[in-house]
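Visitor: Could you walk me through reading side-chain packing in a model? Let's begin once the structure is on screen.

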Amino acid sequence: MSAKRNHIKVFVASTVYNFEYVLRQVYELLDSYGYDVCMSHMGTILLDSSKSNLDNCINAVNECDVFVGFIRPDYGSGVLEKGGKSITHFEFEIAYQREIPRFVLADYRVVFTRSLFRDSFVVEDSTAKRIDFDQISFENNKVMDTRCIRMYNEAIKDKEKPASKRTGNWVQEYISYDDIKMHLDRQFKYDDRIKKLIDNSKGKAK
């Protein structure tokens, strides 16, 4: 049985490739709790035919109350210019800029690959040199696109020092939909808590 509509707008950002079924489940879960779910995959983003796909998505993020973002090995096909960012990446950045309540989840493969490279070295003439991750690029790789790891680093505020001063940098790792469901269920089941988070974020914005 679905909960009473609470008219809280939740934007869900994610690449879609090989993730369609999970996104539908996420939509149905949040919808069952009474939220108005804005998700491009489900066609629930309000569209303006005079605007680009990017502008329509950005407008939706600007109008939402809460942001849910998935960082996956696939960076997405919505890169509008060479060397530019994907639409999903832009959606994340707008949510950060607005400082609205956000819940970010990362595929375990992104976390694993980041850890693999983080403390790696190359050996030249018997001298070990630490790998500079920012100089590594596996773009459009079907196994792991390194731009997704950069998105992860932005989400955990990796460059902000000291780490003890970081806020809003929680990223929940997941392996299966059961992990996703447990996290979202715990966060969104009671909309009174979400309303408080929204009110608090509005207070900070002032």
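Guide: Let's start with burial: a residue is buried under 20% relative accessible area, exposed over 50% and partly exposed in between, using a 1.4 Å probe and protein chains only. At 0% relative accessibility, Tyr35 therefore counts as buried, and Phe188, at 0% too, is buried as well. This is a predicted model, where local features need pLDDT of at least 70, side-chain atom pairs count only at pLDDT 80 or more, and totals for chains, interfaces and linings use all residues. Residues are numbered from 1 along each chain as its sequence is written, and side-chain values use heavy atoms, leaving out hydrogens and water.

Visitor: How many aromatic pairs does a search of the whole structure find?

Guide: A pair of aromatic rings is described by the distance of the centres and the angle of the planes. Rings of Phe, Tyr and Trp (its six-membered ring) pair if their centres lie within 6.5 Å; planes under 30 degrees apart are stacked, over 60 edge-to-face, and the rest tilted. The search finds eight pairs. Tyr35 and Phe188 form an edge-to-face one, at 5.4 Å centre to centre and 90° between the planes.

Visitor: Which parts of the chain does that pair link?

Guide: Helices (H or I, at least four residues) and strands (E, at least two) are DSSP runs, numbered from the N terminus. Tyr35 sits in the loop between helix H1 (20-32) and strand S2 (36-38), while Phe188 belongs to helix H6 (residues 177-188), 153 residues apart.

Visitor: Why is the pair of Phe67 and Phe92 edge-to-face?

Guide: Their ring centres are 5.1 Å apart and their planes stand at 80°, so the pair is edge-to-face. Phe67 lies in strand S3 (residues 66-71) and Phe92 in helix H3 (residues 87-98).

Visitor: Which strands does S1 join?

Guide: Strands pair if DSSP finds at least two bridges between them. S1 runs parallel to S2, with three bridges, and parallel to S3, with four. Phe11 stands opposite Cys38 in S2, and Ala13 opposite Gly69 in S3. Four of the five residues of S1 (residues 9-13) are buried, so the strand is largely enclosed by the rest of the structure.

Visitor: How many residues has the largest nonpolar core?

Guide: Such a core is a set of buried Ala, Val, Leu, Ile, Met, Phe, Trp, Tyr and Cys residues joined through side-chain atoms within 4.5 Å. The largest has 31 residues, and Phe11, Phe67 and Phe92 are among those with the most contacts inside it. A second, separate core of 26 residues includes Tyr35 and Phe188.
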